[in-house]
Amino acid sequence: MKETLKVINRMVKSGVIAKYAIGGAVAAIYYLEPFDTADLDIFVQVNTADSDLTILAPLYEYLIKKGYKPKGEFIYIEGLPVQFLPVFNPLTEEAVEKSQTIKYARVTTRIMRPEHLVAIMLDTGRPKDYLRISMFLEQGGVNMRQLHTVLRRHGLIKKWKDNEYKFKP
Amino acid sequence: MKKYPDISEIIKKKEQHRRSLAALPFEKKIEMIFKLRERRKFIKTGQTVGRPQKHKTKSS
């Protein structure tokens, strides 16, 4: 994963990506006990006014030129399947914006904060998302006051209250 | 009425173990996932992953 992150950091340096943050399961694992996951989700902000999925095209072109192979929804970078997701709503945009800088094996990277991860999982709302929310709550991995602020800002309070019984320890 | 053993201590210990796993360094957790994947692949196919194959050398 170290080499994968180095490649992604080079994409920022060369301007293919404006900003990125690790999201999804790998980000959750940063705060929780480890669990199996297939891929590395990278949420990206790109320097373009386009709003459709073609905004990822330059990013794929860059990687393919470097010899990395796309397969399905992933692109394999240094052996690791990576899924790039453009920020697709104000919540994911804020999650990337407010992500924290960490070190992974001495490589600097950015990772979403737990409150944003939980809010995104609630918004996505698949059974596995609810399971992970319950892991966050159980393991005290989230600041409840900050979480409620994020939920309120993005209109997710009702969804939280409606589904709370599914993940409250 | 049938009596069942109290497993609350086991549950408590499991919980403690999960918390200690969560507190591990990020690199260590990612390493554990890769190992888990190797183990899963081995169980499924009998093949080990990511280990160099032994080459037969000719004796002179």
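Guide: Let me begin with a term: a crossing is left-handed if the near helix is turned anticlockwise from the far one by less than a right angle, and right-handed if clockwise. Helices here are DSSP runs of H or I with at least four residues, numbered from the N terminus. The model is predicted, so local features need pLDDT of at least 70 and side-chain atom pairs count only at pLDDT 80 or more, while totals for chains, interfaces and linings use all residues. Residues are numbered from 1 along each chain as its sequence is written, chains are lettered from A in the order in which they are written, and side-chain values use heavy atoms, with hydrogens and water left out.

Visitor: OK, in which crossing does H5(A) pass H6(A), left-handed or right-handed?
Guide: H5(A) passes H6(A) in a left-handed crossing. H5(A) covers residues 114-124 and H6(A) residues 127-138, and the two pack at an angle of about 150 degrees with their axes 8 Å apart; axes are lines fitted to C-alpha atoms over the stretch in contact, and angles run from 0 to 180 degrees between N-to-C directions. H5(A) is therefore roughly antiparallel to H6(A), a label for angles over 145 degrees, whereas those under 35 count as roughly parallel, 65 to 115 as roughly perpendicular and the rest as oblique.

Visitor: And how do H5(A) and H7(A) cross?
Guide: The axes of H5(A) and H7(A), the latter being residues 144-153, come within 9 Å and cross at roughly 45 degrees, so these helices are oblique to each other. H5(A) passes H7(A) in a right-handed crossing.

Visitor: Switching topic, how many residues of chain B are in contact with chain A?
Guide: 15 residues of chain B are in contact with 21 residues of chain A, where contact means heavy atoms within 4.5 Å. The area buried between the two chains is about 1600 Å², with carbon and sulfur atoms giving 59% of it; buried area is the accessible area (1.4 Å probe) that two parts lose on being put together, summed over both. In chain B, Arg18(B), Phe26(B) and Lys29(B) lose the most area to chain A, together 36% of what that side buries.

Visitor: How many salt bridges are there across that interface?
Guide: Two are found across the interface of chain B and chain A, a salt bridge being a side-chain nitrogen of Lys or Arg within 4 Å of a carboxyl oxygen of Asp or Glu. The side chains of Arg18(B) and Glu138(A) meet in a salt bridge at 2.9 Å, N to O.
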